[in-house]
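Dear colleague,

I am passing on the structure below, and after it you will find an account of what turned up when I went through it. Please read the notes with the coordinates open beside you.

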Amino acid sequence: QLKAGKKKAHDMLEQDHSAKADAAAKQAALDNARDKLLVGQDAMHAKDYDPAVEAFTAGLSDPALSDEEVKQSLTSALKEAQKAQEDHKVANARTRAAAETKYSDGQQAADSENWPAAIAAFEEGLAMGAKDEALNEKLQAALSQAAEQASTGELLQGANEKYQEGLASLRKGSYDSIELAI
C-alpha cells in the first residue's frame, strides 16, 4: 500500500506539473499572439502590409493558443491585411505602368529633340513614385540627359544668335555692333 500511495502521489505531482506547464504554454502563446496582434496593427497603420500579414500569421501559428477572442481578432486582422496587401500591389502595378508610359512619352519627345516635353514627361514619371528602383533610375538618367541636351541646345542657340548678329553687322559695315554681339 505504501508503494501504491507513493505512486499515486507521484502521478498527482506529475499531473500538477503537466497542468502548470500547459497553462504556462497557453499563457505564453496568448502573450505572443497579443504582441503579434499589436505589431501587425502598427504595421497596418503605417501601410506596411507585408510585415502586418507576417505578424498576424505568426500570432495564429502557435497551436497552444486557445483564446478564441484573440484568435478571431488575429484572423480578422489577417484577412484585412491580405486584402490591403493585394490592393496595394494592384495600385503599385498601375503606378508603374503609368510611369513607364511617361518614360515612353519622354523618349518620343527626346527623339524629336523636344527637350521641354521630354523633361516634363520624365519628371512626371518620377513624381509618380513607382516602387520600381530600376524604372526610377531609368527615368532619372533620361531626365539628366534631356536636361543636359536642353542646356546645350540653349547655349548653342544663344551662340548662334550672337553669330548671326555679328554677321549682320559685318554686312552693314558696322564694326561697333560686332563687338557688342561678341
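**What was found**

Of the 182 residues of the protein chain, 24% count as buried; please keep in mind that this is a predicted model. The chain holds six helices and zero strands, so that, read from the N terminus on, its elements run α-α-α-α-α-α. It exposes about 12600 Å², of which carbon and sulfur atoms supply 52%. Among contacts between residues at least 6 apart in sequence, 52% join residues at least 24 apart.

Helix 2, which covers residues 49–60 and has twelve residues, reaches 17 Å from its first C-alpha to its last, close to the 16 Å expected at 1.5 Å a residue. Its buried residues are Y49, A52, V53, A55, F56 and G59. Seen down the axis of helix 2, these buried residues fall within an arc of 165°, so they line one face of the helix.

The largest nonpolar core has 17 residues, and those that touch the most other members are M44, A52, F56, L65, L74 and A81. At least two residues of this core come from each of helix 1 (2–45), helix 2 and helix 3 (68–111). Leaving aside neighbours within four places in sequence, A81 is in contact with M44, Y49, A52, V53 and F56. There is also a second, separate core of 15 residues, which includes A130, L135, L139 and A142.

With kind regards

Notes. Residues numbered from 1 in each chain as written. Predicted model: local features only at pLDDT ≥ 70, side-chain atom pairs only at ≥ 80, totals over all residues. Heavy atoms only, no water. Helix = DSSP H or I, 4+ residues; strand = E, 2+ residues; numbered from the N terminus. Expected span 1.5 Å × (residues − 1). Buried < 20%, exposed > 50% of the residue type's maximum accessible area, 1.4 Å probe, protein only. Arc of directions from axis to C-beta. Core = buried A, V, L, I, M, F, W, Y, C linked by side-chain atoms within 4.5 Å. Contact = heavy atoms within 4.5 Å. Areas by Shrake-Rupley, 256 points an atom, 1.4 Å probe, with all protein chains shown as cover.
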